[in-house]
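Visitor: Please take one part of this model and look at it closely. I would like to hear how its pieces meet.

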Amino acid sequence: TLLVGALCGALFFGEDEPIVNQVNTYCLTRITSGFLFIFLEKKGITISNKVIKIYAAIIWAIMMWMSTYHGHQMQKTVKTSMDYIYRESDVHPDLTSLLFRSSAKSI
């Protein structure tokens, strides 16, 4: 199963294309989360709301750090979203753009 998965992954998802990158990124996050929860389960740690809050805090701390210092390495859609949310969304030359539409460059 592992070998077939590797072969199919290389054949069908081994291109540097936006959609393929999104699929691969999604799969990587699901795998990483799965390994983390397996590890916690084996250590006898219950997946409570507190654990989920810590998990989310770590993810977003890394996301902010990466966006700030290594944004050029992020997937384009994620980088664009992070730029808009944290850098461009407070740019409103008039009331209309604030209420109805952002004037941000990335949209």
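Guide: Start with a scale for exposure: buried means under 20% relative accessible area, exposed means over 50%, and partly exposed lies in between (1.4 Å probe, protein chains only). F37 has a relative accessible area of 25%, so F37 is partly exposed. Y55, at 21%, also counts as partly exposed.

The model is predicted: local features need pLDDT of at least 70, side-chain atom pairs count only at pLDDT 80 or more, and totals for chains, interfaces and linings use all residues. Residues are numbered from 1 along each chain as its sequence is written, and side-chain values use heavy atoms, with hydrogens and water left out.

The structure holds one aromatic pair (ring centres within 6.5 Å; planes under 30 degrees apart are stacked, over 60 edge-to-face, the rest tilted). The ring centres of F37 and Y55 lie 5.3 Å apart with planes at 50 degrees, so the pair is tilted. The pair links distant parts of the chain: F37 sits in helix α2 and Y55 in helix α3, 18 residues apart.

Now the helices (DSSP runs of H or I, at least four residues, numbered from the N terminus). Helix α2 spans residues 18-42 and helix α3 residues 49-70. They pack at about 140 degrees, with axes 13 Å apart.

Contact means heavy atoms within 4.5 Å. From α2, the contact uses S33, L36, F37 and L40; from α3, V51, I52 and Y55.

Note on methods: Axes fitted to C-alpha atoms, helices over the stretch in contact; angles between N-to-C directions. Helix = DSSP H or I, 4+ residues; strand = E, 2+ residues; numbered from the N terminus. Phe/Tyr/Trp six-rings, centres within 6.5 Å; stacked < 30°, edge-to-face > 60°.
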